[in-house]
Amino acid sequence: MTEFHFTPKKYIYNVFMMYNEIICALDEAGKDDSVLTVLTGYGDYFSSGNDLNNAKYISPKKDEILKTPLEVVRNFVCKFIDFPKPLIAMVNGPAIGIATTILGLFDLVYASDKATFNTPFSKLGQHPEGCSSYTFPKIMGLAKATEVLVFNKTLTAREACDLGLVTEVFPDNTFQKEVWSKLRAYATLPKNCLTLSKQLIRNVEKEKLHAVCEKEFELLAKRANSEDSLKAVQLFFQRKAKL
């Protein structure tokens, strides 16, 4: 069983370094002798999402965008689409932005009852990613997915479970003990059987997911320098400065 973390031990962290480290960790976990792979967070958060300071990497000149940041995030998402083994998320606290959207690419999602799920794209002038424009409507229905992805609704762990995004919710004070007990039992199952079964279930949609991922990042690239997007990011930093 391979475990790695979404939330760095230090909050001051280069988010693209984190993405690249997770990409490398997924590459290694996909090839090693482990039966399954677990993604969780440190401390109170599963992940606080993307860092809007990355907007500084975007050129103020219209239609001129530094592609590297978006390419890193796209590669990050593609690694989850292609991961060959069972992939399990242990959501120990709030999950924001891409930390929520990629959950539709996991095979199991276990959550603490203190976890929340939020995709604040519209109010930041951003758009859905992580294949969520496809996976969320499929998982929770069009109306609920629109409420979450377009109108910024925050889901509690129980709500996310009722909608099918989360597999099971556990009390926070027993979350680690109960989930790891399950995972240790899963890790005793035949490795090849689990891998081939996961691929049988998932491979039929891989081509579709890659196409969705490309479309999402095409829109993000086109809209990065739009007037409303830039204004939304500016307002975010203005509000932050007043705190």
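**Entry 1: T37 and its surroundings**

I began with T37 and set aside its neighbours within four places in sequence; T37 is then in contact with T2, F4, A29, F83, P86, L87 and I88. I keep in mind that this is a predicted model. Next I looked up where T37 sits, and found it in strand β2, which covers residues 37–40. Is T37 buried or exposed? I noted a relative accessibility of 0% for T37, so it counts as buried, the cut-off being under 20%.

**Entry 2: The chain as a whole**

Then I stepped back to the whole chain. I listed 10 helices and 8 strands. The chain has 243 residues, and 44% of them count as buried.

**Entry 3: Nonpolar cores**

How many residues does the largest nonpolar core have? I found 53, and those with the most contacts inside this core are F6, F76, F80, V91 and F117. Helix α1, residues 15–31, gives the core its largest share, with 8 residues.

Leaving out neighbours within four places in sequence, I found F76 in contact with F6, Y19, I22, I23, I98 and I102. There is also a second core, separate and made of 10 residues, and I jotted down M90, Y110, W180 and L183 as being among them.

**Entry 4: The second largest pocket**

My last look-up was about empty space. Rolling a probe the size of a water molecule over the atoms shows where such space is left. The second largest pocket has a volume of about 410 Å³. Its lining holds 20 residues, of which F106, D107, K198, I201 and R202 are the closest to the pocket's centre.

Which helix gives the most to the lining of this pocket? I found that α8 does, with 5 residues. Both α4 (132–140) and α8 (191–202) supply at least two residues each to the lining. Sorting the lining of this second largest pocket by kind, I counted 12 nonpolar, 3 polar and 5 charged residues.

Definitions and conventions: Residues numbered from 1 in each chain as written. Predicted model: local features only at pLDDT ≥ 70, side-chain atom pairs only at ≥ 80, totals over all residues. Heavy atoms only, no water. Core = buried A, V, L, I, M, F, W, Y, C linked by side-chain atoms within 4.5 Å. Buried < 20%, exposed > 50% of the residue type's maximum accessible area, 1.4 Å probe, protein only. Helix = DSSP H or I, 4+ residues; strand = E, 2+ residues; numbered from the N terminus. Contact = heavy atoms within 4.5 Å. 1 Å grid on protein atoms, 1.4 Å probe; cavity = no way out; pocket = protein on both sides within 12 Å on 5 of 7 lines; lining within 4 Å. Points joined across faces, edges and corners; volume = space filled by probe spheres on them. Nonpolar A, V, L, I, M, F, W, Y, C, P; charged D, E, K, R; others polar.
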